[in-house]
Amino acid sequence: MRALLQQLILGLLLGGLYGLAAAGLSLVFGVLKVLNVAHGELIMVGGYAAFWLFTLLGLDPFLALVLVIPLTAALGLGLYGSLFSFVVRFDEETRIKNSLLVGFGLALTLHALAVRVFTADERSVTTEYGGQTFALGGLVVPVGRLLSLGVALGLIGLTHLYLARARWGQAIRATAEDWEAALLQGIDVRRAYMAAFAIGTGLAGAAGSLVIVGYSISPAIGLEWTLKALIVVVLAGLGSLFGTFVGGLVLGIAEAASAMAFGGPYREVVGLLIFFCVLLARPQGLFGRS
Amino acid sequence: MLEVRDLHAAYGELRALSGVSLRVAPGEIVALVGSNGAGKTTLLRCIAGLVPARAGLVRWDGEDLAAVRAHRLVERGIAMVPEGRRLFGRMTVEENLRLGAFTPRARAEREATLGRIYETFPRLSERRRQFAGSLSGGEQQMVAIGRALMTRPRLLMLDEPSLGLAPRVVESIFRVFADINRGGVAIFLVEQNVRAALALAHRAYVLEHGRIVGEGRGADVLADPQVRQAYLGPLAIAR
Amino acid sequence: MRAPGGADLRWLIATMLALIALAPVPLVVRREDLLNLGVVFLLSVALAQSWNIIAGLAGQVNLGHAAFFGLGCLVTRSLWVTGTPIALAVAAGAAVATTAGVGVGLAAFRLRGAYFAMGTLALAEILRVTVGNVLPDISTLPATTIAAYRLTHRYYAALALAVLSVLVVAAVGASRLGLGMRAVREDEAAAEASGVGAFGLKLAAVALSTALAGLAGGVFAYYHISFYLQHPFSPAWTFDAVLITFIGGVGTLQGPVLGAAFYVLLKEYLAVRWVDVHLLIFGVLFMAIVIALPGGLSEAVQRVAGRLATSRRDAGARLTG
């Protein structure tokens, strides 16, 4: 029983990062109707950024967020301008399909770049507090991972606040709902797209930064995290960042439970199965509101 | 103020507008009537920059709008209430209205304008924190009109505002149009409810199959027997 | 692709000639590394063509293609090393792959566009993880088989498969089946509305596609002396097929062939010093093609040929005029 609870706690902590990873993807998908399947690679880039900031400057990964987020957001702007700005010229259905393809090429490119620049080895960051744990009623909770969960939740909260209150945050929401109506109110939809994409990428970078604290990264994690983010987005639907966060927690717990039930190697399978079943149950896609 | 000259537009092979010319002067109410598929919505969307023109000219205050991106029309004083309202359903009434004052010029007077809109549409004031998607058709139309007014336009374009609304609601909305106009805002009104539109308008155009087939003062067009037969049905003739 | 005529017929002839020209190679060339390169090229052509059928002709982007390649390989290998004649084993592998393909189609065709892509990827990954756990070992041929191993047999098997794949794509493209598939690709809703049985067509496409993929898997099993049984289930095989097809020209007959030639040669050229740079190049090329040159290398070749033709025509006019 205790072993199960222990695993569930760990799954919950990981799930928070799933939620953050998915939030960026969800935002981009919801606003631009673009499916950036290179999202996992962007998470990887964020992780490497944090790793090198730690290795070269001794910067704590949590503090490094202050640099990593703007850096990856800037990368996002660059990617939008050079790639996805062309994709958004199509109608919705073509757009999703083309963004899938472009994202695929981008993922491949980023992955190959990472392998060349960083080699294929796994990297992680061990801080002094990172290895520490504290006891919660007989269970062991790693401090670093708990902090990561908190930061993830905090970032989602900040993003939510921005979208709810800030002028451009509301403009982004309006664009997500009806971009033509947004145009008619004087909102530069192109700029809203750029902003949303940059924020989404920044969130991905943050997720990568947090992943490197309690876990590890390598160039290969891209596909894995893209799938995780996709699973959560499909599970939670679009529209609420907090809902996405909760979806991430659910996935984390589900994975932990299935690993206990069927063995470690099948951890991935439960998420993929959920994903496929939810997709089947909602063939109208993620925009259909039931 | 607004000048449309020899406008052509098409959807692929399908010609929607074949040489449309019209104008709207400051302070006027101009109506555009025509049956379904005549091209009325296309014309409005073309002016608003949502649909590219194949040929022809749209001029606002003498400036050719072809080079102006759609979202910049609001700064210049053109606002549109699109067909079907197109509200941001998952945002509240107040958020929808406030978003109308997105541009700097409108933002400067946002609170004052908002206050006036709540005076004009008291029902919206009651429902200000409700999600726009949960309102009735008539209330949504009020929000849409209010949202457009928040941009502080000099020209308000409306695409079928009476669509799906009960007659009493239509009446009250058209009274609001008259009020708005008295405040100095020109109105370009595309309507299928020919009687109400022509009763309100100073001038009117008739659009059929992408061409202007009639023009004149509102009352005159309303009295025209061909118009009456086409749009007001056999009963109208008997009157 | 239209019914053979004009440019497409020329491409068909060119492609077939190119492939047939590869037939006498083993008689002339003795170097094993070149023959291996040939096998890799021919297998790539076949796998890419198989993907081309469902994605290029029918417009259904299937990202789980490796699953069928893997199934064909797994079944063929298992039967073959336990004594079944290779031809029968390959056929059985293809049969299993096709059955699985039809099953996936029945399950997943409710999904449209990108959701179909994601759904098939998910299914393929589930299969890969399961196979990796249940059969984590390397499969090695028994000593007697290794002693009797003849590379030229593998070469001709791969060549036959490549030729078959090109012929299948040509035949489908020219048939009413292909016409229906293209209608579905352009606008599935409209096709349905006009009475085209979209579901049946998609099913036919996936059956042909996975059958060929299964055959390719079988040839892979025949070719390699030892490999991890989960290896052919890796999504890298799908991605290779996608890259090759798009770079060459998706939906065309010659696309997978052009793309495979480009891909294999570039990879070979870069292999020694610049490992993985070829993927970088292909990634960038792929994005450029999706955005700017959807017809891929085929389109590029045709444009150049067109410009040469016009310049020749102009020269001719100047001569006579």
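Two strands pair if DSSP finds at least two bridges between them. With that in hand, here are some close-ups of this predicted model.

**View 1. Strands β4 and β5 of chain B, an antiparallel pair.** Strand β4(B), residues 55-60, joins β5(B) through two bridges. Look for B:Trp60, whose bridge partner in β5(B) is B:Glu63.

**View 2. The open four-stranded sheet of chain B.** Follow the strands in the order β2-β1-β4-β5, with antiparallel pairing. At the edges sit β2 (14-24) and β5 (63-64) of chain B, each pairing on one side only. Helix α1 of chain B, residues 40-47, lies across β1 (2-11), β2 and β4 of that chain and runs at about 65 degrees to β2(B).

**View 3. The contact between chains A and B.** Chain A brings 15 residues here and chain B brings 20. On the side of chain B that touches chain A, helix α2 (residues 93-100) of chain B gives the most, with three residues. This side of chain B divides into 10 nonpolar, five polar and five charged residues.

**View 4. A:Thr119, a non-glycine residue with positive phi.** Its phi is about 65 degrees. A:Thr119 lies in the loop between α4 (92-118) and β1 (133-136) of chain A. A:Thr119 counts as exposed because it has 11 C-beta neighbours inside 10 Å, and the cut-off for exposed is 12 or fewer.

**View 5. B:Arg152, a non-glycine residue with positive phi.** Here phi is about 55 degrees, and the loop that holds B:Arg152 runs between α6 (137-149) and β7 (155-159) of chain B. B:Arg152 has 21 C-beta neighbours inside 10 Å, so it counts as buried; the cut-off for buried is 20 or more.

Methods. Residues are numbered from 1 along each chain as its sequence is written. Chains are lettered from A and ligands numbered from 1 in the order in which they are written. This is a predicted model: local features need pLDDT of at least 70, side-chain atom pairs count only at pLDDT 80 or more; totals for chains, interfaces and linings use all residues. Two residues are in contact if their C-beta atoms, placed from the backbone, lie within 7 Å. Ala, Val, Leu, Ile, Met, Phe, Trp, Tyr, Cys and Pro count as nonpolar, Asp, Glu, Lys and Arg as charged, and the others, Gly among them, as polar. Axes are lines fitted to C-alpha atoms, for helices over the stretch in contact, and angles run from 0 to 180 degrees between N-to-C directions.
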